[in-house]
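I opened this notebook to keep track of what I looked up, one topic at a time. Each entry begins with what I wanted to know and ends with what I found.

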Amino acid sequence: MNSVESLYLHDNGLTKIQEDIGAIPELRVFDVRNNALQRIPTSLGRIDHFDGFHIEGNRIINLPKEVIKGGADSIVSYLREFLSDNLVTNKVVKMVLVGHEGAGKTPLVKTLTLVAG
């Protein structure tokens, strides 16, 4: 399988692509447009160069929307960074809890503070 250079899998109703797809170093075209995919395998970040990388028409949830909007180069760069563990993470989250008196907001805040502590 290592000699595969192009995968044209568009318009097939696919729901999943196996994570080991990144083990095909010769892969140059990855076209999964218009399927039912929610995740793009991070292993694709191991591939050196793509001549075509198309994921449009899927509801991808494992990539930030900003990355997807940046196009193929942005997506592949993100996947490479993800694999290298060099992603910057934000460890501070601000929350506003709204609810009726006695609804349990204070115990929730205390629990979250202890867990994060």
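This is a predicted model: local features need pLDDT of at least 70, side-chain atom pairs count only at pLDDT 80 or more; totals for chains, interfaces and linings use all residues.

I then searched the whole structure for aromatic pairs, and the search gave three of them. One of these joins Phe 30 and Phe 53, with 5.4 Å from centre to centre and 35 degrees between the planes, and it is classed as tilted. Another pair is made by Phe 50 and Phe 53, which are 5.0 Å apart centre to centre with 70 degrees between the planes, an edge-to-face arrangement. Phe 50 and Phe 53 are both buried as well.

I asked myself how many helices and strands the protein chain has. I listed three helices and three strands, and going from the N terminus the elements run β-β-β-α-α-α. The chain has 117 residues, of which 27% are buried. Its exposed surface comes to about 8500 Å², and carbon and sulfur atoms supply 53% of that. Among the contacts with a separation of 6 or more, 22% are between residues 24 or more positions apart.

Entry 3, the sheet. In what order do the strands of the sheet stand? I read the order as β1-β2-β3, in an open sheet of three strands with parallel pairing. Strands β1 (6-8) and β3 are at the edges and each has a single partner strand, so one side of each is left without a neighbour in the sheet. From one strand to the next, the twist averages 15 degrees. I followed the parallel pairing of β1 with β2 and found that three bridges join these strands, and that Ser 6 stands opposite Val 29 in β2.

I then asked which residues of the largest nonpolar core touch the most other members. They are Leu 27, Phe 30, Ile 40, Leu 44, Phe 53 and Ile 55, in a core of 21 residues. Helix α2 (residues 72-84) gives the largest share of this core, namely four residues. I returned to Phe 53 and, leaving out residues up to four places away in sequence, found that Phe 53 touches Phe 30, Ile 40, Leu 44, Ala 72, Ile 75, Val 76 and Leu 79.

Asn 34 is placed in the loop between β2 and β3, and with 43% relative accessibility Asn 34 counts as partly exposed.

Is Asn 62 buried or exposed? Its relative accessibility is 18%, and since buried means under 20%, Asn 62 counts as buried. Asn 62 lies in the loop between β3 and α1 (65-69). Apart from residues up to four places away in sequence, Asn 62 touches Gln 38, Arg 39, Ile 40, Thr 42 and Tyr 78. The C-alpha atoms of Asn 62 and Thr 42 are separated by 9.0 Å, while the two residues are 20 residues apart along the chain.

Arg 59 is placed in the loop between β3 and α1 too, but Arg 59 is exposed, with a relative accessible area of 72%. With residues up to four places away in sequence not counted, Arg 59 touches Leu 37 and Gln 38. Arg 59 and Leu 37 are 22 residues apart in sequence and 6.2 Å apart in space, C-alpha to C-alpha.

Technical notes. Residues are numbered from 1 along each chain as its sequence is written. Side-chain values use heavy atoms; hydrogens and water are left out. Rings of Phe, Tyr and Trp (its six-membered ring) pair if their centres lie within 6.5 Å; planes under 30 degrees apart count as stacked, over 60 as edge-to-face and the rest as tilted. Buried means under 20% relative accessible area, exposed over 50%, partly exposed in between (1.4 Å probe, protein chains only). Two strands pair if DSSP finds at least two bridges between them. Helices (H or I, at least four residues) and strands (E, at least two) are DSSP runs, numbered from the N terminus. Axes are lines fitted to C-alpha atoms, for helices over the stretch in contact, and angles run from 0 to 180 degrees between N-to-C directions. Contact means heavy atoms within 4.5 Å. Accessible areas come from the Shrake-Rupley method with a 1.4 Å probe; for residues, only the protein chains shown count as cover. A nonpolar core is a set of buried Ala, Val, Leu, Ile, Met, Phe, Trp, Tyr and Cys residues joined through side-chain atoms within 4.5 Å.
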